[in-house]
Protein chains: 2
Amino acid sequence: MTRIDLSTISTRAPEDLDRDEAERQTRERSSRISELHRQLVAEKEHAVLVVLQGMDASGKDGALRNVFGDCAPYGLRAVNFRKPTEEEFDHDFLWRVHKEVPAQGEMVIFNRSHYEDVLIQRVHGWITEEQVDRRIASINAFEKLLQYDNNTLILKFYLHLSEEQQREELMERVVEPEKHYKHSDADWREREHWDEYRAAYEDVIARSEVPWHIIPVDQRWYRNYLMTDIVLQALEGLEMKWPELVTNRTWKV
Amino acid sequence: MTRIDLSTISTRAPEDLDRDEAERQTRERSSRISELHRQLVAEKEHAVLVVLQGMDASGKDGALRNVFGDCAPYGLRAVNFRKPTEEEFDHDFLWRVHKEVPAQGEMVIFNRSHYEDVLIQRVHGWITEEQVDRRIASINAFEKLLQYDNNTLILKFYLHLSEEQQREELMERVVEPEKHYKHSDADWREREHWDEYRAAYEDVIARSEVPWHIIPVDQRWYRNYLMTDIVLQALEGLEMKWPELVTNRTWKV
């Protein structure tokens, strides 16, 4: 287990990176991602699970749009995990999550995820530290199951935002009519717990067996540039092939 | 891990047990089980998962009827796991199982279960031994999750049948019109693998962290007698209470 200290990791792009060139490369990669996604659906040998986590206003929705927006809707699903329903509360925390995992030939993006159950619940003291330990062990076992038993590629992203940039993003939601729908007083209250959330993220990232990618997101174009790079490389690593021609196919019984 | 040798365990009732007296006690217990089940539903603090496994014709359906038949249908579900569908095959082996686990205030009986994925698939060599090891580790982690994160009581029964009694039971399905619907040629073919199934069961029972109850089932009345005893004691062990009176209750928001 490698401890990490998020405060030592920049939330911004390197100074010498050219934004126009980065955006050009992002568009190319996004288009290539959509091609490989078509192949994923056709080949039906792999499942792909993308997990997006980050503080409020860290740009999870935008990541979804910009990294996966070129993919065709068939074989692609985005799942938002909100406050659990009463039925979900009556089950273990992975119950609602396991239902939504990708089938072979499918890419699923979790906008928030099972990690909330060791983040918000921990920060507010709704669960004990013993429960946190058990849940982290369960999460590791769960992700391992998806990997070995369903050939699932798991890509986890922590969208790394600065406290100052969060204030700006949250203010925009108050000021801009097209962003009003995203405003929630609760986000401002949760902001009071910034340091506790950061500590909880650092711990969870360190104890996860499937590694996290930490993405500086204060500039959204840099987020898109990095994420498209990671997703594209991972999909290329699957070495997918277009299936051979099959003739005389009949319905399976 | 304690190895077991099923061939040394009798499949029959002790000679000195009086059948009439046993059946009287079974009826009493079954009625008491239904009372505790009502309390389980009312209290909504525990979930109960019963797993029934055994060779073909070992009496899983009959166990369901005779042990849980007095319980009210609300808060009770029996789930049959048959050959996986195409959609189920496109996910990890626990995906279809996790969906069906009991909520708090519910008792669910699995007629066959996730254990088939380390039994029939292993006997026929459809999975490697490495896959078996990983699946058993996943099963142990999964059952632990249900226990600690949703207060689930797990009761696992291996219905222990003799090879001779299986022949009789299978023959009855050919001879008796009311049992024709249960007949399947496949059962006679699977019977050829008797020793391999027994070895697979012995291994799985030994490596399961949540213990199994081994129930001699050649005489069905003895199966009912033993199972009602175990289920009743386990439910009593939950020390459930009827909830206090709540007045002025409003709909939760």
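Author: A residue counts as buried under 20% relative accessible area, as exposed over 50%, and as partly exposed in between. Keep in mind that this is a predicted model.

Reader: Okay. Is B:Glu163 buried, exposed or partly exposed, and why?

Author: B:Glu163 is partly exposed, because its relative accessible area is 32%.

Reader: Where is B:Glu163 placed?

Author: In helix α7 of chain B, which covers residues 163–175.

Reader: And which residues does B:Glu163 touch?

Author: Leaving out residues up to four places away in sequence, B:Glu163 touches B:Arg191 and B:Trp194.

Reader: How far apart are B:Glu163 and B:Gln39?

Author: They are 124 residues apart in sequence, and 40 Å apart in space from C-alpha to C-alpha.

Reader: Switching to chain A. Which residues form the negative surface patch?

Author: A:Glu163, A:Glu164, A:Asp195 and A:Glu196 form that patch. Helices α7 (163–175) and α9 (194–207) of chain A each supply at least two of its residues.

Reader: Which helix has A:Asp195? And why does A:Asp195 count as exposed?

Author: A:Asp195 lies in α9 of chain A. A:Asp195 counts as exposed because its relative accessibility is 51%, and the cut-off for exposed is over 50%.

Reader: What about a nonpolar patch on the surface, which residues form that?

Author: A:Met171, A:Val174 and A:Val175 form a nonpolar surface patch, and together they have about 250 Å² of accessible area.

Reader: Where is A:Met171, and is A:Met171 buried or partly exposed?

Author: A:Met171 is in helix α7 of chain A. With a relative accessible area of 36%, A:Met171 is partly exposed.

How values were computed:
Residues numbered from 1 in each chain as written. Chains lettered and ligands numbered in written order. Predicted model: local features only at pLDDT ≥ 70, side-chain atom pairs only at ≥ 80, totals over all residues. Heavy atoms only, no water. Patch = residues over 30% accessible without salt bridge, like charges linked within 9 Å, V, L, I, M, F, W, Y side chains within 5 Å. Areas by Shrake-Rupley, 256 points an atom, 1.4 Å probe, with all protein chains shown as cover. Salt bridge = Lys/Arg side-chain N within 4 Å of Asp/Glu carboxyl O. Lys, Arg positive; Asp, Glu negative; His and termini not counted. Charge placed at Lys NZ, Arg CZ, Asp CG, Glu CD. Helix = DSSP H or I, 4+ residues; strand = E, 2+ residues; numbered from the N terminus. Buried < 20%, exposed > 50% of the residue type's maximum accessible area, 1.4 Å probe, protein only. Contact = heavy atoms within 4.5 Å.
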